Amino acid sequence: MAGFNKMGVILLAASLGFMFLQLCSATRYYDFVLKETNFTRLCSTKSILTVNGSFPGPTIKVHKGETIYVNVHNQGLYGVTIHWHGVKQPRNPWSDGPENITQCPIQPGSSFTYEVVFSNEEGTLWWHAHSDWTRATIHGAIVILPAAGTKYPFAAPHAQHPIILGSWFKSDVMEVINSALATGADPNISDAFTINGQPGDLYSCSKASTYRLKVDYGKTYMLRIINAVMNEEQFFAIANHTLTVVTQDAAYIKPITTSYIMITPGQTMDVLVTANQPRSHYYMASSAYADGIVPFNNSTTTAILQYRGNYSTPSTIPLPNLPIYNDTTAADSFTALVKSLASKAHPISVPTKITTRIYMTIAINERICPNASCAGPDNNYIAASLNNISFETPSIDILQAYYGGINGVFEGNFPSNPPHFYNFTGDYDNSTIYPTFGAKVKFIKYGEGVEIIFQGTNLIAPENHPMHLHGFSFYVIGTGYGNFNATESPKTYNLVDPPEVNTVGVPKNGWTTIRFLADNPGVWFMHCHLERHSSWGMDTVIIVRNGNTTKSKLRPPPAHMPPCSKS
């Protein structure tokens with residue numbers, strides 16, 4: 001009996017010790033169930049793919065530097081992957097998520113557990129599907145709070161709320177893009193924009209479900225704004241209220257006081273709003289910024305900022321004065337204000353020794369259509385490219401092929417310069433209308449200081465391009481219109497407090513220069529976050545080779561990765 005009691009004490013102590021470790025560990029666990037769910041919007045009901053039956057999906061909350069595990073159970077109709085947008089995933093591209101780049105899709109009836117490793121991100125990021133156009137309905141917020149024992153570089157807000165800007169299609173989104181790719185045409189535009197899944201009062205059959213954010217007079221709120229819209233940059237504002245922007249892409253910036261923001265697909269911003277107006281209802285609203293010639297959704301989504309208290313409900317709710325859809329001056333004026341906080345507590349480190357320089361053109365192209373029977377320009381298919389290479393996604397993921405030495409999946413010859421130099425932003429050269437097609441990647445040595453100059457072109461349909469790089473944040477050190485000039489343009493570079501972001505809008509017929517240190521070994525996708533452009537091939541892959549130490553080498557794969565088969 002004494003032996004039994006002794007053993008019981010040992011087991012109890014071990015159990016308590018395990019519980020203590022669990023409580024103290026910086027690890028969280030989530031379950032995502034992908035399934036079809038009926039939703040009614042714009043007077044009609046349709047089935048959409050969701051996570052846990054909600055649209056948008058659940059919010060993930062972590063503290064800076066934590067690791068989470070997300071077990072994704074696919075009960076849907078087709079293969080899907082999940083991407084943790086803006087999370088650098090040090091040495092761990094196995095859980096980054098882009099389909100057939102770092103993994104093959106999670107097939108219906110199967111599961112996969114993502115290990116999401118946070119490092120120096122602090123603020124708001126987001127997660128979304130990364131398979132075809134499934135991100136239209138599969139997305140949600142990631143809230144990254146300061147690490148224990150630290151605080152915001154501003155007064156803590158009274159409360160925090162995700163504000164997710166999205167797109168709603170009456171049609172099935174997979175049919176929209178599949179039809180466009182089959183015919184060569186531009187995909188149909190969305191039928192509405194949404195705020196937290198609701199179109200708002202200005203759309204049919206939508207007033208009863210408009211999203212309402214209830215506030216107390218005198219309190220300050222943090223709005224964690226995410227642009228999950230499929231194909232349009234967005235203006236956003238709140239009637240009669242001032243916005244103070246304090247972070248972009250989970251990095252602190254010098255506070256910007258403004259009446260509106262311009263946010264591209266993929267970007268996130270944390271905005272402080274003080275409820276200091278007479279108690280009433282006020283519209284928050286978002287509409288497109290569109291500087292191109294292609295069709296776009298020119299409608300406005302609304303939500304209601306609703307003060308608590310006793311007052312008469314207004315007969316008319318004021319709308320904010322959003323810039324008109326093609327107000328490039330308004331878009332540029334806001335973007336130019338974004339500077340890193342660059343404080344002692346939140347320092348930056350802009351690479352000054354550049355050992356890898358890439359000059360990368362961005363273009364809309366054509367792909368020859370048999371019998372000239374397609375619905376794109378010149379009766380061809382629409383295509384898109386970087387350095388005149390239109391990316392073709394392989395059937396086996398590139399990470400598996402790279403790690404396992406599988407030949408024939410990709411080519412390692414993505415060029416550091418465009419194949420032809422001409423007046424990129426003027427009359428285009430016919431030799432670049434038809435790109436090369438393939439899965440070409442760019443190899444970079446570990447530890448290189450990298451500079452990429454994105455050069456917009458005037459080919460077919462020029463517009464702003466939100467370029468996103470997985471696995472890194474980068475510094476936006478310069479931007480301008482026209483062709484980049486190797487002598488004059490660098491004179492305008494900001495190396496003191498450039499914004500540190502993961503997605504940047506390259507201006508229509510202009511250029512943007514970014515820098516980063518290649519300190520994250522692995523396979524990392526780069527693409528335009530306008531979804532139709534990515535579908536057409538405006539993508540590439542950067543492979544950062546292993547360094548010489550264990551901590552500078554790619555981690556080995558987890559025990560189970562989704563097998564590669566037709567999705």
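Visitor: Which residues does T457 touch, not counting residues up to four places away in sequence?

Guide: This is a predicted model, and in it T457 touches T361, I362, A363, Y422, F424, P462 and N509. T457 itself sits in the loop between β25 (449–456) and β26 (465–469).

Visitor: Is T457 buried or exposed?

Guide: Buried means under 20% relative accessible area. T457 has 4%, so it counts as buried. Its side chain also reaches the backbone oxygen of I362, at 2.8 Å.

Visitor: Okay, now the gaps. How do I read where empty space is left?

Guide: Picture rolling a probe the size of a water molecule over the atoms; that shows where empty space is left. Here, a search of the whole structure turns up six cavities of 30 Å³ or more. The largest cavity has a volume of about 190 Å³. It is lined by 20 residues, and the closest to its centre are N231, E232, P295, F296 and R532. By class, that lining has nine nonpolar, five polar and six charged residues.

Visitor: And which strand gives the largest share of the lining of the second largest cavity?

Guide: That would be β2 (residues 44–51), with four residues. The volume of this second largest cavity is about 90 Å³.

Visitor: What about pockets? What volume does the largest pocket have?

Guide: About 850 Å³. Of its 37 lining residues, D132, L181, T393, S534 and S535 are the closest to the centre. Helix α2 gives the most to this lining, five residues. Sorted by class, the lining of the largest pocket has 17 nonpolar, 13 polar and seven charged residues.

Methods
Residues are numbered from 1 along each chain as its sequence is written. This is a predicted model: local features need pLDDT of at least 70, side-chain atom pairs count only at pLDDT 80 or more; totals for chains, interfaces and linings use all residues. Side-chain values use heavy atoms; hydrogens and water are left out. On a 1 Å grid over the protein atoms alone, a cavity is a set of points where a 1.4 Å probe fits but cannot get out, and a pocket is an open set with protein on both sides within 12 Å along at least five of seven lines; lining residues have an atom within 4 Å of a point. Grid points are joined across faces, edges and corners, and a volume is the space filled by probe spheres set on the points. Helices (H or I, at least four residues) and strands (E, at least two) are DSSP runs, numbered from the N terminus. Ala, Val, Leu, Ile, Met, Phe, Trp, Tyr, Cys and Pro count as nonpolar, Asp, Glu, Lys and Arg as charged, and the others, Gly among them, as polar. Buried means under 20% relative accessible area, exposed over 50%, partly exposed in between (1.4 Å probe, protein chains only). A polar contact is a pair of N or O atoms within 3.5 Å; within protein, one must be able to donate a hydrogen and the other to accept it, and residues adjacent in sequence count only if both atoms are side-chain atoms. Contact means heavy atoms within 4.5 Å.
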